[in-house]
Amino acid sequence: MKRLPQAALISLTLAAVVLSFAIGPQVVAGAAIVAPAVAPEVASAGDFGAPQGMPIRAVLTSPPFVPPALKRNYPAKVIVELEVIEKEMPISEGVSYTFWTFGGTVPGSFIRVRQGDTVEFHLKNHPSSKMPHNIDLHGVTGPGGGAASSFTAPGHESQFSFKALNEGIYVYHCATAPVGMHVANGMYGLILVEPPGGLAAVDHEYYVMQGDFYTTGKYRAKGWQGFDMEKAIDERPTYVLFNGAEGALTGDKALRAKTNETVRLFVGNGGPNLVSSFHVIGAIFDKVRFEGGSNFQQNVQTTLIPAGGAAVVEYQTKVPGSYVMVDHSIFRAFNKGALAIMKVDGPENKEIYSGKEVDSVYLGDRAAPNMAAVSKATAAAASGSLTVRDQVNAGKALFNGTCSVCHQANGAGLPGVFPPLAKSDYLNANPKRAIGVVIHGLSGKLKVNGKEYESTMPPMSQLNDDEVANILTYVLNSWDNKGTHIKAAEVKAERAKTAPKTGPKAAGEH
């Protein structure tokens, strides 16, 4: 085989490089150009011409729902009307917060357009608002993403237009100063720019968006809570939540699917500060379009979603059960609220999975029957009609999600490791002492029902006063214990005390 002169080789290589830049990111193999495999729905950025047909009014949906696929093969003029509403809503059980919203929900309304569409955007600010607002859409090509064109005072409306040049899933948020405060109060959402060929059909599409919230009170502290700027600046969130509230996607509000169906999740992260490690316990993502771009990864366990970013997650349901969605920075899930559930119904498939329904350690007080009891006790406490039975029922739900792993669901404990709570002489000798044990923890040797135990109970500082009172009331009225009830005020008083010294002597004193 004759060798080409060096000059000819250089010319051929340069031609290949020039051609590769001309047609986009390709793989150059010798003189041949080989295109990598790409998803069929991926399209390059571009202008598909002037809008065709009559203007279309966009269908906007509240989370977790997504507007239907567009099924349109031409660019159109799409009119989007979105209203800012400042409103007080629950952020957790018995806890309210004044959210600033796009469309009355957190996250804001889901917007769906096609690549090449010209979007005529109308932003209204409700007359009852106390603040001016605007909108920065990450799917806009132009300074500020529309923010400078949409600054809107209460009772006013702004209008601007943009062409959706790039397909993908994009965050939008308020960008009025102080920007962090507006975002932290819930002012964010997602806009999907479909490629011209649309997305592949699936059985279900859902809208899930994470955010971190900064309240003046502690986690689950009851009543109205205000925004804490110092916590926000220090990046110390009280809550990390999906769709704006603890329990927003659990119980009767859990996402739904059947076995052997395909699910597509549009997952955003409004921030304002934290990165999300999004994971569905018991599911492996078949396909993830990471960072909302055109590339995808397959067979993914957990995907990172930056603040102000989004991803598209797809998987197929194989076996029935409750699938728990979490931020796998795991204390956020179980101690700050970043937990959602997808309930999958259908026949079991023992060849794939032989096990039982999700353990209570995952669902805890977020399970559907448990939440009813907790909600009832919260409402009764607020109205001053709380009964011991209310406390017992709520305490049982909370115990199953917090304490049952060590002490067992029947209160028997683990021999030689964790002391029993059932028919406990230690508890019955001084029921009020249990408050300090839960609040401050306990370590060292301990004698219960004639047997010695030496282990450590960490402080349950994540539980609020009502939860501690209800759990202890349940324990003291179960498993042949003598029965009494603990008041939230008693827990509050104990919490204010300095934590007692721990060790063999202190722990063993009666």
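**Close-up views of a predicted model**

**View 1. Q408 sits in the loop between helix 8 (404-407) and helix 9 (425-429).** Helices here are DSSP runs of H or I of at least four residues and strands are runs of E of at least two, both numbered from the N terminus. This is a predicted model, in which local features need pLDDT of at least 70, side-chain atom pairs count only at pLDDT 80 or more, and totals for chains, interfaces and linings use all residues. Residues are numbered from 1 along each chain as its sequence is written, and side-chain values use heavy atoms, with hydrogens and water left out. Look at the backbone of Q408: its phi is near 70 degrees, a positive value in a residue other than glycine. With a relative accessible area of 28%, Q408 is partly exposed. (Buried means under 20% relative accessible area, exposed means over 50%, and partly exposed lies in between, with a 1.4 Å probe and protein chains only.)

**View 2. D480 is another non-glycine residue with a positive phi, here about 70 degrees.** You will find D480 in the loop between helix 11 and helix 12 (488-495). Is D480 buried or exposed? Its relative accessibility is 64%, so D480 counts as exposed.

View 3. Of its 510 residues, 50% count as buried. The protein exposes about 23800 Å², and carbon and sulfur atoms supply 57% of that area; accessible areas come from the Shrake-Rupley method with a 1.4 Å probe, and for residues only the protein chains shown count as cover. Among contacts with a separation of 6 or more, 69% join residues 24 or more positions apart. (A contact means heavy atoms within 4.5 Å.)

**View 4. Helix 11 (residues 465-476) begins with D465 and has 12 residues.** From its first C-alpha to its last, helix 11 reaches 16 Å, close to the 16 Å expected at 1.5 Å a residue. (The expected span is 1.5 Å times one less than the number of residues in the helix.) How many of the 12 residues of helix 11 are buried? The count is 11, so helix 11 is largely enclosed by the rest of the structure. The buried residues include V468, I471, L472 and L476. D465 also counts as buried, at 18% relative accessibility. Beyond its neighbours within four places in sequence, D465 is in contact with A488, V491, K492 and R495.

**View 5. E467 of helix 11 is buried, at 6% relative accessibility.** Which residues does E467 contact, leaving aside its neighbours within four places in sequence? They are R220, L398 and Q462. Although E467 and A394 are 73 residues apart along the chain, their C-alpha atoms are separated by 8.2 Å.

**View 6. Helix 7 (residues 388-402) has 15 residues and reaches 20 Å from its first C-alpha to its last.** That span is close to the 21 Å expected at 1.5 Å a residue. Buried residues of helix 7 include D390, A397 and N400.

**View 7. The axes of helix 7 and helix 11 come within 7 Å and cross at roughly 100 degrees.** On the helix 7 side, the contact is made by V388, Q391, V392, A394, G395, K396, L398 and F399. Helix 11 contributes E467, A469, N470, I471, T473, Y474 and V475. Sorted by type, the residues of this contact are nine nonpolar, four polar and two charged. For this sorting, Ala, Val, Leu, Ile, Met, Phe, Trp, Tyr, Cys and Pro count as nonpolar, Asp, Glu, Lys and Arg as charged, and the others, Gly among them, as polar. Axes are lines fitted to C-alpha atoms, for helices over the stretch in contact, and angles run from 0 to 180 degrees between N-to-C directions.

**View 8. P127 lies in the loop between strand 7 (118-125) and strand 8 (136-137).** P127 is exposed, with a relative accessible area of 61%. Apart from its neighbours within four places in sequence, P127 is in contact with P154 and G155. P127 and V84 are 43 residues apart in sequence and 9.6 Å apart in space, C-alpha to C-alpha.

**View 9. A cis peptide bond leads from V106 to P107, with omega near 0 degrees.** P107 is in the loop between strand 5 (95-102) and strand 6 (111-114). Another cis bond joins A177 and P178, where omega is about -10 degrees. P178 belongs to the loop between strand 10 (168-173) and helix 2 (179-184).

Methods: Expected span 1.5 Å × (residues − 1).
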